[in-house]
Amino acid sequence: MQLYNTLRRKKEPFEPRVPGKVSMYVCGITAYDLCHIGHARSAVVFDILVRYLRSTGLEVTFIRNFTDVDDKIINRANERGVSSQEIAEKYIKTFHEDMDKLNVLRADIEPKCTEHIPEMLTLTGELIAKDRAYKTLSGDVYFRVRAFEPYGKLSGRDIDDLRAGARITPGEAKEDPLDFALWKSAKPNEPFWESPWGKGRPGWHLECSAMAAKYVDLPLDIHGGGQDLIFPHHENEIAQTEAATDGELARFWVHNGFVQINQEKMSKSLGNFFTISDILDKFMPEVLRFFLLGQHYRSPLDFSFESLEEAEKGLRRIYAAMGQMREALQKDKWSKAALPTEIIDELSTAEKAWDEAMTDDLNTAAALGHVFTAVRLAGRVMDDKAMRKSEGARDFWQRVLDDLARWSQVFGVFYSQPQEFVDELRACRARRKGIDTAKVVALLTQRQEARAGKDFARSDAIRDELAAMGAEVKDTPQGQTWDVS
């Protein structure tokens with residue numbers, strides 16, 4: 001497998017440090033607000049990476065932390081008159097609820113900052129002992145950036161250029177504007193812990209270094225997060241860890257691209273964001289996840305509700321094909337005939353191409369194209385009167401269904417029963433259009449009674465009433481059904 005390594009700015013062959021085992025750490029949320037679609041993208045990207053690595057037989061230890069003490073959390077707690085812990089616990093809970101809906105697997109280890117204060121104090125003490133960090137009179141502890149010569153190697157930033165633009169905030173006692181806080185002295189109305197340097201709390205960057213080293217042997221095989229974390233967060237993680245240990249923090253640095261609206265990064269600070277719950281009020285979670293697969297993880301992703309509707313159509317097409325194939329396979333009698341070799345060869349090519357796309361830097365967008373190729377080939381067989389009755393068709397459809405099941409385990413989509421998907425999708429689309437589904441069901445019952453009584457004028461009138469509501473009625477051999485027109 002080739003993975004793009006931000007550290008060396010190129011794709012490199014990925015092999016775990018310990019054969020058969022992968023250690024992977026991804027920076028999680030700062031728990032002070034609801035998650036938006038940018039958080040969803042990062043979570044889904046690394047969920048797929050974990051799933052794919054495991055599908056190849058590798059044993060993955062996946063760590064994703066929660067920052068549960070931070071300036072933003074403290075400010076939110078003070079605004080609401082509650083504790084920082086209460087704020088953090090609330091939004092960690094909503095994170096899990098959102099990610100469960102998106103079929104994002106829980107990490108194997110989900111450490112919280114406040115549960116690892118001793119590890120952070122130890123790391124800070126080691127850096128002070130090595131003269132890589134220093135305490136100020138106020139009780140703050142800072143890392144000496146210039147004492148770590150490779151600083152800037154991840155982000156590609158020049159330390160002198162950074163120095164020119166850096167400023168010291170009034171009240172800080174840094175030796176150098178570039179130095180960053182490892183420990184912050186206690187301030188009024190803030191949570192604090194005892195330390196050798198006085199009461200205080202850890203700096204943001206410190207937690208990930210301490211927690212990663214606690215749970216796995218360094219270097220990590222993969223350290224991940226959004227592109228916005230490359231500098232300063234991940235750069236500072238490297239500096240403090242490698243200055244303390246004289247070893248490497250991570251072998252591969254993997255970063256997902258931003259979600260954009262009108263080509264501008266989506267973020268809370270810009271106010272141009274949609275929370276996951278905003279989106280799931282209108283669209284199925286599976287549709288959102290499917291949409292996130294449709295662009296390479298390192299590329300910017302332009303979000304719009306129109307794009308979600310297109311993703312919805314694509315997912316519906318896959319489910320429709322699954323339903324048709326499963327129904328066709330219920331037949332008892334098949335003619336003894338094989339399919340044309342070229343169709344089987346095309347499927348073999350699509351299967352191989354799917355694997356190649358995933359090994360080429362987790363290219364889900366290309367892999368998804370090969371899923372649609374398999375679905376299209378199944379449709380070709382279905383549409384051919386001669387082929388669809390043959391044992392060759394039976395075996396072909398089963399093979400495609402097996403492929404879809406295997407790909408589903410990695411993608412985390414098209415895992416439901418087709419009819420369940422159709423029913424949920426219809427309800428979701430009805431909700432978007434303001435259609436009262438309970439009223440639709442009641443009218444359909446009345447229409448069925450009218451048809452049974454051969455009151456076709458009444459039946460047609462109800463059909464027209466439903467059409468005016470946006471509900472299209474279809475009469476099938478199995479009975480009447482409806483969809484959003």
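## A pocket and a helix pair

The largest pocket holds about 930 Å³ of space, a volume being the space filled by probe spheres set on grid points joined across faces, edges and corners. A pocket here is an open set of points on a 1 Å grid over the protein atoms alone, where a 1.4 Å probe fits, with protein on both sides within 12 Å along at least five of seven lines; lining residues have an atom within 4 Å of a point. Please keep in mind that this is a predicted model, in which local features need pLDDT of at least 70, while totals for linings use all residues. Residues are numbered from 1 along each chain as its sequence is written.

Of the 39 lining residues, Gly28, His36, His39, Asp228 and Leu229 are closest to the pocket's centre. Helix H1 (37-55) is among the elements giving two or more residues to the lining, and H1 provides the largest share, 5 residues. Helices are DSSP runs (H or I, at least four residues), numbered from the N terminus.

Now to the helix pair. The axes of H15 (residues 437-452) and H16 (residues 456-469) come within 8 Å and cross at roughly 160°; axes are lines fitted to C-alpha atoms over the stretch in contact, with angles from 0 to 180 degrees between N-to-C directions. H15 and H16 are therefore roughly antiparallel (over 145 degrees). Leu443 of H15 and Ile462 of H16 are among the residues making the contact (heavy atoms within 4.5 Å).

How values were computed
This is a predicted model: local features need pLDDT of at least 70, side-chain atom pairs count only at pLDDT 80 or more; totals for chains, interfaces and linings use all residues. Side-chain values use heavy atoms; hydrogens and water are left out. Angles under 35 degrees count as roughly parallel, over 145 as roughly antiparallel, 65 to 115 as roughly perpendicular and the rest as oblique.
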